[in-house]
Amino acid sequence: MIRKKTVKRLSIKKLGKQKPYTVVESIVSAKDTLFPEKLKRANEVLAKIDLTDFINNPHKY
Amino acid sequence: MYQTIYEYSEVHAYRYTFISTGKRNIDKVIEFIPTAKNNVYNLAFGDLLPNGGIDDMANSNNGDIIKIFATIINVLQKFTMKNPSFIIYITGSTRQRTLLYNRILKTYYQLFREKFAIAGLIKTDNGEIYVPFDPKSTSAYFAFLIQRI
């Protein structure tokens with residue numbers, strides 16, 4: 001005897017009654033800063049200076 | 001520095017939040033943003049607005065500036081302890097705030113110098129340069145570089 005496969009049916013009406021929700025995208029990313037303007041200004045300044053001495057001779061500072 | 005600090009949350013490795021509970025409650029965020037220079041991170045600080053935006057110009061006058069800066073310094077120490085090779089670039093969003101950072105560095109210089117190399121950035125006729133931070137100097141530093149030693 002072939003058994004009839006039962007599947008759960010989803011009611012469209014029921015889905016429609018669900019509360020609306022918002023998908024919150026992860027903010028856990030170092031690439032997405034909350035301070036884009038500040039980063040832009042920092043990059044402008046940092047582009048003009050050579051940090052070699054600060055890195056190689058930290059005890060001077 | 002033995003000031004009391006606000007309890008803060010580490011949202012992720014580069015972002016921390018806390019609530020300033022002065023005259024009113026204000027959500028604050030501290031972020032270390034990777035710059036275009038390898039291992040150089042920009043320290044950014046501001047008010048988290050109800051709409052999810054940021055106000056880094058705000059002068060909230062919440063009556064707790066010392067506690068707020070003690071919290072930022074604590075976060076800075078924690079972050080640089082975890083990432084000792086990172087260089088932190090600090091500048092204020094406004095001239096007044098940069099002056100305030102300067103004042104804090106001057107006040108706590110003896111404590112900072114034991115743990116950090118500190119340079120101040122100044123403007124000269126030949127462009128922007130950095131020099132060893134001098135607490136007695138009257139130079140108008142417009143930014144600072146800090147690294148664990």
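Predicted model: local features only at pLDDT ≥ 70, side-chain atom pairs only at ≥ 80, totals over all residues.
Okay, let's start with the second largest pocket: its lining splits into seven nonpolar, nine polar and five charged residues.

Residues are numbered from 1 along each chain as its sequence is written, chains are lettered from A and ligands numbered from 1 in the order in which they are written, and side-chain values use heavy atoms, with hydrogens and water left out.

A pocket here is an open set of points on a 1 Å grid over the protein atoms alone, where a 1.4 Å probe fits, with protein on both sides within 12 Å along at least five of seven lines; lining residues have an atom within 4 Å of a point. Volume is the space filled by probe spheres set on the points, joined across faces, edges and corners.

So, the second largest pocket holds about 410 Å³. It has 21 lining residues, and closest to its centre are Thr91(B), Thr98(B), Lys123(B), Tyr141(B) and Phe142(B). H2 of chain B gives the largest share of that lining, five residues. Helix H2 (36–46) of chain A also supplies at least two. Helices (H or I, at least four residues) and strands (E, at least two) are DSSP runs, numbered from the N terminus.

Now the largest pocket, with about 570 Å³ of space. Of its 29 lining residues, Asn59(B), Ile65(B), Ile66(B), Phe69(B) and Leu100(B) sit closest to the centre. Strand S4 (40–48), helix H1 (65–82) and helix H2 (95–107) of chain B each give two or more residues to that lining.

On to the interface. Here 38 residues of chain B are in contact (heavy atoms within 4.5 Å) with 27 of chain A. The buried area, meaning accessible area (1.4 Å probe) lost on putting the two parts together, summed over both, is about 2,800 Å², with 69% from carbon and sulfur atoms. On the chain B side, Lys37(B), Glu128(B) and Tyr130(B) lose the most, together 21% of what that side buries.

How many salt bridges are there between chain B and chain A? One, counting a side-chain nitrogen of Lys or Arg within 4 Å of a carboxyl oxygen of Asp or Glu. Glu128(B) pairs with Lys48(A) in that bridge, at 3.5 Å, N to O.

Definitions and conventions: Nonpolar A, V, L, I, M, F, W, Y, C, P; charged D, E, K, R; others polar.
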